[in-house]
Amino acid sequence: MTDTPGWASPGSSEPARDGARPTADAPAAVPGQSVPPQDTPPAWGTAPGAPQPPYAGQQPGWGPQPPGGGYGWGVPQSPKPGVIPLRPLGLGEILDGAVSTVRKHWRVTLGLALGVAVVQQGASLGAQLAIQGDTGDLTPVLTALISLPLSMLLGVVASALLTMVVSRAILGQAVSIGDAWRDAKPRLLQLLGLTLLTGLIAGGIVLLGFAPLIGYLVTGAEEPAIVGLLVIVGLLSLPVAIWIGIQLSLAAPALMLEKQGVITALSRSRRLVRRSWWRICGITVLSQIIAAVVGGVISTPFTVIGMAIGFDDFVGQIDAGQSGSMPAAMLVAMAIGGVLASTVTLPFTATIGVLLYVDQRIRREALDIELARAAGLPEQGGTGWGGQAGPAPARL
C-alpha cells in the first residue's frame, strides 16, 4: 500500500507519548551543530567571569532575549507554511484555518461548492415541481427520497475534493479542481461505501431504539403511558448514535489521505478520537451551529421574498384544500437562497473535519514533523542548513 505523497502513514512518525513529546514550539536542534553559549554583560558591581545573579522577578538561567531570538533564548513561533501552524491546534486556530482555506483558495472551494449546491437544489426543486403536491402531506418525504441518492453522491464527491484541497492548503501549495479530482478520484467508491456504512450504523441505532414504539403503534394499541415510555426509550438511542457518529467522524479523512480501506479507516477514526471525544464533539457541534447561523442569514431574505411573491397563490391553495404544495415562485426563491447558503457553508464544515483529523494526528503521532518536511521547511530537511539543498517538497 502506498501512502499519499506528503503525508505520513499511520505510525510512521515518532509516536508522541504523554509527557514524552517535546512542545510543538520547542526549537529544533541543528544536525551537526552545537549551540554556542550566549554572552551577557556582567551585572553592575560584579567582576567579569563571576556568577551573575538573576534579574528581579527572573528565574535563574534565563537572561534578556536578543532580537530575533536564538537557540536557548526563547521559543520561536511554530512554522506555518499554509493555513495552520504546524503544532497542536486550539479552537480558534481550527476555525481560522477553515476560513483561511476558503478565503485563500476561494476559486476552488466556492466554485466546487457552488456546482454541487446548484445540482442538489435543482434536483430537489425539480422533484417538488414534478410532484406538485399531488401526494398531499407525503410530498416533503417523497421529495427527499427522490433527491437523496443524488445529494449523497454529490456530497461524497464534494467531501473528497475538498479534503484534497485542504491537505494541500496546509502545506501552502496551490491547487486546482483538476488537481483535487486527480488525487481524489481513486478513492471515491470507497468513500461512498464508507458514507453509506456510517449512515447505516447511526440510522440503524436510532431505528433500533424506536422499533418497540413502531411495533406497538402498528398493532393499533394507543395506551398513552406505554407510548410515552416507548418514546423515552427511543430518544435514549439518539445519544448513542451521536456518540458513535463522533467516533467515526474522522474516518473519511483517514480513508482519503492515508489510502486506508473502509473498515481500517473506521477503526483508525476510533483510535484518533479516543480520549478526545468531548473536544471533537464540541468543535464539530460549534462549527455546525456557525454554519447554520450563517446559512440562515443568507437564505432567510430569499425565503421572505419568495413568501411575499407567492403569498396570494399560497393562500388560494390553502382555501382550495391543496396544502401539500407551495407556489413555484416561492420554491425557486428558496432554492436560490439554499444554493448561496450551501456555497458558503459546505467548504467551511468540510474543512473543519479535515483539520480535526490533522490536529489529532499532530497530537498523537507528531504529524507536524512530517508536514513540515513535506512543505520543504529548512529546519525539517526541505532546504539544507547553511545553504545546502535538501529533498524537494512532496506534493499531495
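**Note on the predicted helical model**

1. Residues 24 or more positions apart make up 72% of the chain's contacts with a separation of 6 or more, a contact being heavy atoms within 4.5 Å. This is a predicted model, in which local features need pLDDT of at least 70 and side-chain atom pairs count only at pLDDT 80 or more, while totals for chains, interfaces and linings use all residues. Numbering starts from 1 along each chain as its sequence is written, and side-chain values use heavy atoms, with hydrogens and water left out.

2. Confidence. Mean pLDDT (the predictor's confidence in each residue, from 0 to 100) is 77 for the chain, and 69% of residues reach 70 or more. Over residues 11-75 the pLDDT stays under 50, and the model has 58 contacts beyond four places in sequence for them. Residues 381-396 also have pLDDT below 50, with 41 contacts beyond near neighbours in sequence.

3. Secondary structure and surface. The chain holds 12 helices and zero strands; helices (H or I, at least four residues) and strands (E, at least two) are DSSP runs, numbered from the N terminus. Of the 396 residues, 36% are buried, meaning under 20% relative accessible area, with exposed over 50% and partly exposed in between (1.4 Å probe, protein chains only).

4. Largest pocket. Its space is about 1000 Å³. A pocket here is an open set of points on a 1 Å grid over the protein atoms alone, where a 1.4 Å probe fits, with protein on both sides within 12 Å along at least five of seven lines; lining residues have an atom within 4 Å of a point. The volume is the space filled by probe spheres set on the points. The lining has 37 residues, of which S159, S249, Q288, T349 and A350 are closest to the centre.

5. Lining composition. Helix α11 gives the largest share, nine residues. Elements giving two or more residues include α3 (139-170), α10 (277-319) and α11 (328-365). The lining divides into 21 nonpolar, 16 polar and no charged residues. Ala, Val, Leu, Ile, Met, Phe, Trp, Tyr, Cys and Pro count as nonpolar, Asp, Glu, Lys and Arg as charged, and the others, Gly among them, as polar.

6. Backbone points to check. Most residues other than glycine have a negative phi. K259, in the loop between α8 and α9, has a positive phi of about 55° and is partly exposed at 30% relative accessible area. A366, in the loop between α11 and α12, has a positive phi near 55° and is buried at 4%.
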